[in-house]
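I wanted to see how the chains touch each other. These are my notes on the contacts.

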Amino acid sequence: MDILNAIVALSNFVLIPAIAYGSQLALGALGVTLIYGILRFSNFAHGDTMAFGTMATILFTWALQSAGVSFGPLPTALLALPFGIAACVLAVLATDRVVYKFYREVKAKPIILVMASLGVMFIFNGIVRFIIGPDEQRFADGERFIITAREFREMTGLQEGLALKSTQGITVVTAVIVVALLFWFLNRTRTGKSMRAYSDNEDLALLSGINPERVVLVTWLIVAALATIAGVLYGLDKSFKPFTYFQLLLPIFASAIVGGLGSPLGAIAGGFVIAFSEVFVTYAWKKVLGYMLPESLEPSGLVQLLSTDYKFAVSFAILLIVLLFKPTGLFKGKAV
Amino acid sequence: MSDKVKTIGLFALVAVLIIGTGFVQSWNSALLILNLGLISAVMALGVNLQWGFAGLFNVGIMGFVALGGLAAVIVAMPPTNEAWAAGGIRVLLGLLLGAATIVGTILTYKAMAPGKIRNITLIGVLLVGFFVFRTVFDGGVEAIEAVNPSVSGYLGGLGLPVLIAWPIGGLLAAGAAWIIGKTALGLRSDYLAIATLGIAEIVIAVLKNEDWLSRGVKNVIGLPRPVPYEIDLQNDPAFVERAINLGVDPVTASTLYVKLAYSALFAVVLIVLLILAQRALHSPWGRMMRAIRDNEVAAEAMGKDVTARHLQIFVLGSAICGIAGAMMTTLDGQLVPTSYQPLRFTFLVWVMVIVGGSGNNLGAVLGGFLIWFLWVQVEPIGLWLMQTLTSGMSEGYWLRDHMLEGAAHMRLFTMGLILLLVLRFSPRGLLPEK
Amino acid sequence: MGDNPYQNDRGNKDRSITKTHGVGSTPTRKGGKATPVDGDTPFLIGEAMTGGYGKGPDILHDCTIAVNAGEIAVIVGPNGAGKSTAMKAVFGMLDVRQGRVLLDGEDITALSPQDRVQKGMGFVPQTNNIFTSMTVEENLEMGAFIRRDDIRDTMEQVYELFPILRDKRRQAAGELSGGQRQQVAVGRALMTKPKVLMLDEPTAGVSPIVMDELFDRIIEVSRTGLPILMVEQNARQALAIADKGYVLVQGANAYTGTGKELLADPEVRKSFLGG
């Protein structure tokens with residue numbers, strides 16, 4: 001019984017949150033890795049792109065709510081999501097038009113694009129704060145739980161409860177669908193393959209008649225969608241705050257690099273590696289160990305390896321360890 | 001227009017802007033801009049050294065600046081004797097054990113042959129070391145933080161004059177930079193950007209959490225000053241008399257006097273660093289750095305140790321950022337970990353360097369002043385703009401309120417715009433490298 | 001320091017923010033239009049071409065290269081003679097300041113390389129000529145990217161020509177041996193159903209046995225009626241299979257003739273074929 005309780009406690013406090021967070025990071029990292037693969041630079045504005053897409057979704061959510069539209073037990077934000085994605089796509093394509101396209105035409109070095117992305121980051125950051133303000137916004141509605149801790153206890157008779165928030169369920173389901181769609185697109189469709197070809201060998205892609213501007217356009221479309229979905233899922237699960245989204249840049253970059261920059265599979269693996277290590281190291285293990293160990297050995301402290309504020313340190317440490325042993329990341333960072 | 005005229009002209013423009021602020025707003029605001037402009041210029045100088053002369057992309061400037069701030073606390077604050085007695089030794093011992101664990105792990109790694117046994121031993125060493133470290137360390141921390149937590153609860157500093165903190169801040173930042181550089185530049189391909197991004201967040205996390213060190217988010221206030229206090233000046237009859245003779249209100253005079261004293265100190269640091277940087281770059285060392293930058297393969301073929309040179313310049317540049325950080329905390333008189341934001345302390349410095357002119361020390365300094373001036377002044381300008389735009393709307397109309405509220409965020413937008421415009425139309429910056 | 005500030009990366013090689021793999025080097029050229037020409041011309045001819053890269057000095061001087069329908073034409077010459085440059089000029093990858101390029105009765109001098117692919121030129125670069133991370137089959141599919149019709153027949157032909165590729169079709173092309181990679185590269189170019197095939201040193205860096213096999217395959221391709229223009233290091237073997245040979249020296253035509261003639265020419269033998 002104690003073992004079961006330990007497993008339930010572990011799932012409740014570690015596994016489920018880490019899976020949800022990992023899915024959000026993975027979606028974010030996929031966007032970063034696609035830009036890196038196709039446009040050949042790390043987009044520092046990605047966190048703020050996520051913030052922009054989420055902001056747009058929140059605004060549409062509010063509009064729907066005030067019009068009396070709801071999505072039953074599901075959050076209204078899911079209904080607003082397509083509109084949010086559309087807004088984000090427009091913003092990102094406009095940015096590409098005005099900013100990045102020029103550098104492609106003059107064949108600028110990727111590092112120049114990195115610097116341009118810093119400028120874009122400032123602008124997006126300013127726009128988001130201007131429109132929705134710097135404060136925290138909660139926009140999740142509908143059913144809060146798929147199963148509450150109390151229901152679980154009553155159902156199983158266990159001492160420990162297992163709560164599954166609906167936002168966590170939605171996160172995982174959405175992430176699985178999105179990732180499946182993305183992989184199908186990249187590996188099975190003509191356009192997807194042409195993106196991989198362009199990422200692999202730009203010159204040869206040109207010789208094969210692949211139009212680089214079209215590849216770039218499709219990439220931005222996908223990235224804007226991924227960023228908005230990742231942002232909305234994160235915001236539903238936790239809350240939306242422009243600064244938090246900006247700060248997500250580090251774990252997202254870390255995920256993409258741990259997995260191997262430019263490799264979509266790696267981005268997903270990296271997202272989960274980072275999320276699990278963050279949650280594992282910053283979780284207070286007292287409860288789980290209390291069930292597992294005999295009473296005499298029961299720990300007196302919280303058995304928390306590091307305080308939660310050090311979660312960035314964990315992402316970073318994992319990153320360093322992986323790079324020391326596998327300099328190109330877990331999945332050889334090469335192809336999109 | 002010759003380069004010299006352009007340089008002088010642009011610096012004159014900055015001077016006019018700051019002096020204009022004095023006339024239009026107040027001399028206190030003007031001096032505030034000048035002082036932080038001087039500090040920004042020092043930061044930009046450090047980053048320019050790394051980017052302009054070695055192509056190293058440091059996105060962790062905030063971390064080095066914060067380490068400088070920590071140095072100010074460690075050097076200048078009076079020691080908390082009870083805290084030292086309660087757990088000082090224990091914390092130090094804990095830290096030593098932690099360091100020993102890491103050294104032990106590295107030694108084990110080097111001593112043993114690769115394989116499963118090594119991996120298990122390594123994990124064993126790390127785990128045992130970590131728990132020993134935590135056991136010793138946590139007790140000390142608890143004891144220290146229990147000492148009078150509302151005003152103290154930390155070890156305090158060494159009680160030395162705060163000016164000493166400036167070079168110490170540089171050293172602290174240099175140490176951190178060495179560790180980062182050694183790891184990130186030593187890898188097969190370099191990973192400096194992500195490494196610096198990470199370390200900056202870690203430094204801030206340490207400052208926020210390790211209350212025994214710098215009181216965490218409770219902030220350290222009342223740092224000793226290198227310049228007199230306003231209140232002392234106002235109580236000094238000689239000063240009051242001189243102020244009245246000059247026709248200035250003594251209270252205003254005292255605030256201006258203090259700020260001017262800071263300006264003088266900062267200016268000395270900036271000028272010394274600028275001269276050093278300029279001389280270094282025209283020395284054989286500087287020529288070698290540029291040779292490496294412009295053709296690394298050729299430089300390597302000539303027997304230059306590129307990684308070691310890169311590490312050197314990365315450490316130097318970060319040290320300068322550390323000095324600037326210590327200067328800034330000294331000016332503020334307090335260490336507030338939550339005030340360290342990447343946009344302000346990392347990316348804004350990048351805007352300064354790019355706008356000023358990568359690879360040109362004077363350009364970086366100019367960028368520091370100019371961008372800082374704009375950063376401060378865009379807000380009132382934005383507010384004015386919003387007021388003009390919304391003047392037709394009725395009082396209390398939601399859009400009017402919203403736009404007025406949002407004016408504060410105009411500065412981020414403006415900085416991005418400036419960066420993009422310069423990058424596009426004048427990619428070498430205002431004062432290009434010769 | 002370079003002239004172009006956008007191309008000055010200050011030696012930065014930070015892999016965590018920039019990607020160097022697969023970055024293109026082909027300068028984007030705005031292409032013009034093709035114009036029909038009258039008169040009897042070879043199938044593909046670069047006529048009296050003079051030009052160089054960008055604003056750089058001329059590398060080619062009044063150089064003429066041609067290939068007739070159903071023939072193999074080979075460009076040989078010492079190192080640095082401008083062999084590859086001549087081929088790239090025909091393909092539109094450098095600025096031809098004088099002279100013209102004609103393909104199938106059209107003047108295509110103004111076209112960009114991409115437009116020339118559309119016009120039916122298949123080009124196999126010397127290096128980086130496959131998508132290493134993609135499977136063999138995907139490489140072939142990408143070769144046929146411009147086609148909208150059914151490509152299965154063409155793919156079948158390529159597999160018949162290079163049977164080893166059929167066995168390896170699900171394998172990443174980057175994992176193949178040097179000779180197999182070259183087969184993928186040629187196969188990729190064939191997938192467009194080109195009207196003329198241009199090979200830039202197809203046997204560079206492969207072993208002599210593989211080289212012989214590659215030459216056999218090239219002859220086989222040629223037998224399907226596809227004209228081939230080829231640059232080769234291994235002059236003797238290349239001329240042996242050539243209908244037409246061009247010996248270039250310093251960017252200009254030194255000797256021109258059929259393969260047999262050139263092999264027999266004592267001057268050519270002495271200077272370029274080692275006696």
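I count two residues as in contact if their C-beta atoms, placed from the backbone, lie within 7 Å. This is a predicted model, where local features need pLDDT of at least 70, side-chain atom pairs count only at pLDDT 80 or more, and totals for chains, interfaces and linings use all residues. Residues are numbered from 1 along each chain as its sequence is written, with chains lettered from A and ligands numbered from 1 in the order in which they are written.

**Chain C with chain B.** I found 12 residues of chain C in contact with 15 residues of chain B. The chain C side has four nonpolar, three polar and five charged residues. Here Ala, Val, Leu, Ile, Met, Phe, Trp, Tyr, Cys and Pro count as nonpolar, Asp, Glu, Lys and Arg as charged, and the others, Gly among them, as polar.

**Chain C with chain A.** I looked up this contact next. Chain C gives 33 residues and chain A gives 34 residues. On the chain C side, helix 2 (113-119) and helix 3 (136-143) each supply at least two residues. Helices are DSSP runs (H or I, at least four residues), numbered from the N terminus. That side of chain C divides into 12 nonpolar, 17 polar and four charged residues.

**Chain A with chain B.** I checked one helix pair. Helix 4 (residues 110-132) of chain A packs on helix 15 (residues 342-356) of chain B at about 130°, with axes 11 Å apart. Axes are lines fitted to C-alpha atoms over the stretch in contact, and angles run from 0 to 180 degrees between N-to-C directions. Helix 4 of chain A supplies A:M115, A:L118, A:F122 and A:N125, and helix 15 of chain B supplies B:L343, B:F347, B:W350 and B:I354. By class, this helix contact has seven nonpolar, one polar and no charged residues.
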